Amino acid sequence: QTLSDLDFNIEYYIVGNIKTSETFRPPFKLNILKEKNLIGKSIHVSLVNEKSFYLIDSEGENSSIYYFNKPFNYFGSSIMLDYNKHIYSDLENIPECLIKIKDLNQLTKSFQRKITIRQDDKQSSVLNISVLEADQNKGVAFLNKLTDNFIKNEVEEKNKASKNTVIFINQQLIEMQDSLSLIEQKIQQFKNKNQ
């Protein structure tokens, strides 16, 4: 749930002269409007101008110029790219970006292996949760959202238990009311019959 909420199945990399490294603050943001066969695909993007970008597909066969904030077809899926102007305002220094689409189930297993949970004091109810991630900002965002989701799920479970308790009590009251009503009728019948 946490990975899905944060769109971590879409990974962004800055293409440099020497190496390509993952970033949590990409120059371009991919929005998948309608997904079909995108898992395992990648997109190489470079800026043309403020309104358009140059795209090379994962097979390196197709390359085209597209416009930001306008949907286009990619391997049968409808996708759209946004330009992060608030992060990269200088058009001259926009790096090339590689975007990879990952399988959410495999990514979940990967993150499960990365998470470390410790209880420093056995008497305490406080847990120390950490994750090993190449980009520190990405790790912080993940842990914050994971904690939020745990708290939200805990509240939902308590609310569900409370609602079920209220429903049970109401059902018991209805059954008791029916029983009391029946007994009251029998008493009335007995009184009428026996004066």
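Ile-169 sits in helix α3, which spans residues 136-194. Helices here are DSSP runs of H or I with at least four residues, strands are runs of E with at least two, and both are numbered from the N terminus. The model is predicted: local features need pLDDT of at least 70, side-chain atom pairs count only at pLDDT 80 or more, and totals for chains, interfaces and linings use all residues. Residues are numbered from 1 along each chain as its sequence is written, and side-chain values use heavy atoms, with hydrogens and water left out.

Ile-169 is partly exposed, at 42% relative accessibility. The classes are buried, under 20% relative accessible area; exposed, over 50%; and partly exposed, in between (1.4 Å probe, protein chains only).

Now the rings. The whole structure holds 12 aromatic pairs. Rings of Phe, Tyr and Trp (its six-membered ring) pair if their centres lie within 6.5 Å; planes under 30 degrees apart are stacked, over 60 edge-to-face, the rest tilted. Phe-8 and Phe-142 are stacked, 6.4 Å centre to centre with 25 degrees between the planes. Phe-8 lies in the loop between α1 (2-5) and β1 (10-15) and Phe-142 in helix α3, so this pair ties together parts 134 residues apart in sequence. Phe-8 is buried, with a relative accessible area of 3%. Phe-142 is buried at 3% relative accessibility. Phe-142 also pairs with Phe-111: this pair is tilted, 4.6 Å centre to centre and 45 degrees between the planes. Phe-111 lies in helix α2 (residues 104-114) and Phe-142 in helix α3, so the pair ties together parts 31 residues apart in sequence. Phe-111 is buried, at 4% relative accessibility. Elsewhere, ring pairs link Phe-28, Phe-53, Tyr-66, Phe-68, Phe-72 and Tyr-83 into a cluster.

Last, the sheet. 3 strands form an open antiparallel sheet in the order β3-β8-β7. Strands pair if DSSP finds at least two bridges between them. The edge strands, β3 (28-34) and β7 (72-74), each pair on one side only. Antiparallel β7 and β8 (residues 77-83) are joined by 3 bridges. Tyr-74 has Ser-77 of β8 as its bridge partner.
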